[in-house]
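Please view the model alongside the text.

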Amino acid sequence: MLDRAAVATAIVMISAAAAAQNVPIIHDAEYYILEAQHADAWAEDDVAVEEALDAFRERNGGKPPNIINILVDDMGFGDMGIPELNAVRGYATPNINAFSDEAMRMVRMYTEPSCTPTRVAQMTGRLPVRMGMGDTAVDIAGFGLPGDEVTLAEVLKEGGYNTVHIGKWHMGDIAESWAMNQGFDFTAMPVHQQGQLTIFHDDAIREQVAVGISDFDPEYTLDDLFRPDASAMVTVIEGRAGGPVREVRMAPGERWTAAKYDEMNQTFQDQTLESLRELAAREEPFFLQYWPLLPLDNTRAGRDGPESPNGGLYADKMQQLDAWFGELFAEMETLGIAENTIVVLMGDNGHFTKYSPQSGFTPMIFRGGKGDTTEGGIRVDAFIRWPGMIGEDAMLNSIIHVSDLYTTLARFAGALDHVPRDRLVDGVDQSASILFADESKGRRDSIIVYSVATPRALVKDKLKLNLPGPGQSAILADFFDVFRDTHEKYPVSTEVGAWGGQEFVRILGRHKARKELYPDTPPATGRPYEGIENLRPETEAAVEAFLVKRSAVER
Amino acid sequence: MLRKLAIVVPVATFASLAAAEDADRIIHDAEYYVLEVIHGDMWEVEDEDLDTRLAELRELHGRPPNIIHVMWDDTPLGELGIPELQKIRGFETPAINQFAAEGINFMRMYTEPSCTPSRAAAMTGRHAVRNGMYNVGFPYEYGGLAADEVTVAEVLSEAGYATGFFGKSHLGDVESSYLSNQGFDEAIWTPYNQVPSLYVPQGQLAALSAGTLFPEMFGEDPYDIDPSWRPTGYVWALEGTKGGPVREFGTPPFDHGGYMALEDQFQDAAFDFIRRQAEADAPFFVAWWPQLTSFLGFPDRVTASGGFIQEALVRLDDRVAELDTLLEELGVEDNTLVVLMADNGPMVHNGPPGFVETLYAGGKGDYTEGGVRVPAMARWPGVIEPSQVVGDIIHITDLFTTFARLGGALDAIPRDRIIDGVDQTSLLLNGDTYSRRDYVTIYTGPILAALVKGRYKRHLVGAQPGLSGPEFYDLYNDPREDGGQMLPMFPAKGMFNQMKLRHQLWATRYPNTGQNRDLPFLGLEDPRPEVAAAGQFRVAPDRLPFDPYQFLQLQPEWENIDRRWSTAGN
């Protein structure tokens, strides 16, 4: 096994500069165990997939499909696309429900347990731990996705696509990590996330969404650099690949507020529709990524609502988002691109339970939410629509990890050759199971569930092991059957552990052993916001404050 | 407590409530009248329209609609009729899902929290607490539904319906509870639940404790000097016809194969009944309440889940498909309302493996939503619009009143007691938002444990006496009742207080009664000796220094209606 991987590495090194064709992508160990059993069938499936893709391109003027990739924040399983559960929640997502009737639901889509790692996994096809991006940053942090990661946008760019990213990115506050420097022709994105944008800005502090920040007399405060100022941090930046990057819609001294958040969200929606029209008018296929910041919205300031019987802060905004997606889908029809465009729509991780129940969402069918490695943290609503190519109103129960979309979409785009062969790629090609709606063609039956940099759980088909903590006996580890027990409430620990405990440990062992061949690397670090042309004075000061604190360890 | 309140609160309270009373009107729970005052005019207009539509249907078909009520055990809301969630669970019920798509899929059907109370509630249109049917019966229960309770079968019989019951009754082992004595023309029923499926030798090898039922299977226990207490004279099923004899049905217990055969036998009998009635002149009402499963499970596993209840549901699905085929064959589909539903949440406490929560927290026996919210669907081609997801509250007791309305039998509903079931004909025919109920009183046993009003819920059990704690829930925001709240929902406190008080005061005017307590299996034709022995005290009462009949009356706080022993010279 190790030998085989070593040989593969050697081959990659020789041919790295050349076209990657015929050089296999390097995967994690479990993949090869399945491959050893299914290689012949997979080879046949690959031929059938290529035939189907060829036939599509022939119908489509020789071009691969456009791809629209929508990622919704903190949306657990069952909150989109199931009218019955809409009724249970007391809100409605009619446009998404109609969309889901035309799409395939990837029922067992696993994400990472929070925003940054999920986004990293989808963009790089790799577990975030591989480049130290498992953590979720809130304020100025001076690190991010390394420039030498090869994002899906870069892969598709190589495949001839025009690429645009609108909305949340959340993969770092240093220049090399930003979307315009990671393969997108045009980008409009906030550098940070909703912590700054809706949780600790001035209005939110007034409503006690955040406390201990400026809601008191700082009589005894000695450290003026300790607390972030949402308005001093960079807000939204825009830029083109290779061009200047500028902060938009913030004048020096201006305060970030709930109204600014609303304006930003509306602008992202408008920019998405504008980009869609521009991209559709061009000759090349396009990759449009829309990652809204809604439904997260933590203040009542500026609201007329409630808009739904539920009335929860996020539930209402989910309805808003649904209306916006409706506009997007309608615009696709108007532009005549609904038929030749793949739309992926999914949540990025489970509910933000810290804001339950006033958010309007609490976990239902699975236990836990964002940050948890129980199914509620990592299983989300996920759909893929491609008329005529992917079954309508279909369901696929294969285990799919969010990183698999990287490889699979690259395959659909005819750009698989541009997936790097010099590193371990966790995402496996699921195109056969998706195109033919056939779980037996899936290429993954396991997930290693990380929390930041530590494996916390292992999923292997219907079974799940919640790993024991450091120093804890393996006998105390809990096994669950996730079909029978979606809430992971009733352990079948000895019943499964008796025969499977060791084998589960070996899954982890192989995963770790493979890291010796393909070691994890740290994230990129640097000066925050470097390269933004119009930094405000208060932002410069905030950066200086960060640097003072960072350099303190060197004194 | 109640008595005290009744004294403190002036009688005027009753007088104001009594304004709505009228000898001709069905007596509902107090909360209903609040809604009636608000919506009564609109309901009247709706009712006129509904009457017209029902009359037209009656004209068209020459009879009121047939009604088939299929009810089974322990299935949480979300488990059926939502294919996405079945994928997650690793099983599929295509026929039931199709059924849901052809009619209404109710998202807020409330039941009582366990089998006996739910079944009694469906039968009588009354909360089980009103007639003492809140205890889950086991061999021997020495109790059951009292004779003067009026069942839906009795009501529909008055309107000329042929009535049949086939399956699990679980309404008791005393003679008054025999379904052929409770309005059914033809009935085959189990007096208990599925637990007796374990009361076989295999059960003792699997789940029963050593020697609890079959001491002879284990080494002799020289200290066991009273082996005669064991309930070995139970029956699996009984059969009878209205006014006719009642006999044991199927094979006598102890051969598990005989237990497993019952499910087919119930279905065959139900289908035979439907077939015969479809050709007769009268409309029919069938309660087909399958057993679902033995507690020993199925020998073969056919689902990815392999879970206990999931294995049972896919088999139920086949039976539902067969019912569809039958109705189509007979050409009565368009004049037949079919309701499919479960009787309560999953047996998450101390049950066999595989009974787990789906959407809601808790299960059988709990007052949380997981105990009392179940999958429920109604289909009536041409009358109920297809593909409806209904978010209104409906309660299992509502079926009683609604079936009576549809059958033209409202007049047969008794006017001397509270009928909790409200008429939901408008909800069936007009769909979402047309419910006549926004409240549920949730009892566990005889205890008022929780109140639901619209989206809000208050837990009464565990509340801090004299104060308020975080006992308020918003079921949209927090469907799993994870985080009780106090301050955000305090405005609802007074409302809940009033609701509880109204409910309790109204019950002092129409007091709760007890179930019938008696010796089991009396009046059977040709009983086996063991069964006959079950109907007698195992030692002669006159040789005891106390009166064993008194043990059968362990609900002394309520009047027992028809105690056999009250005339037995004790």
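In chain B, 4 strands make up an open sheet with the order 13-14-15-16 and antiparallel pairing. Strands, of at least two residues (E), and helices, of at least four (H or I), are DSSP runs numbered from the N terminus; two strands pair if DSSP finds at least two bridges between them. Strand 13 (439-444) and strand 16 (472-474) of chain B each have a single partner strand and stand at the edges, so one side of each lacks a neighbour in the sheet. On average, neighbouring strands of this sheet are turned by 20 degrees against each other, direction ignored; axes are lines fitted to C-alpha atoms, for helices over the stretch in contact, and angles between N-to-C directions run from 0 to 180 degrees.

The model is predicted: local features need pLDDT of at least 70 and side-chain atom pairs count only at pLDDT 80 or more, while totals for chains, interfaces and linings use all residues. Residues are numbered from 1 along each chain as its sequence is written, and chains are lettered from A and ligands numbered from 1 in the order in which they are written.

Within the chain B sheet, strand 14 (residues 447-453) and strand 15 (residues 456-459) pair antiparallel over 4 bridges. Leu451(B) lies opposite Arg458(B) of strand 15 of chain B. Helix 14 (residues 491-509) of chain B packs on this sheet and touches strands 13, 14, 15 and 16 of chain B, contact meaning C-beta atoms, placed from the backbone, within 7 Å.

In chain A, strand 13 (residues 454-460) runs antiparallel to strand 14 (residues 463-466), joined by 4 bridges. Asn466(A) of strand 14 of chain A faces Ala457(A) and also stands opposite Asp478(A) in strand 15 of chain A.

Key:
Two residues are in contact if their C-beta atoms, placed from the backbone, lie within 7 Å.
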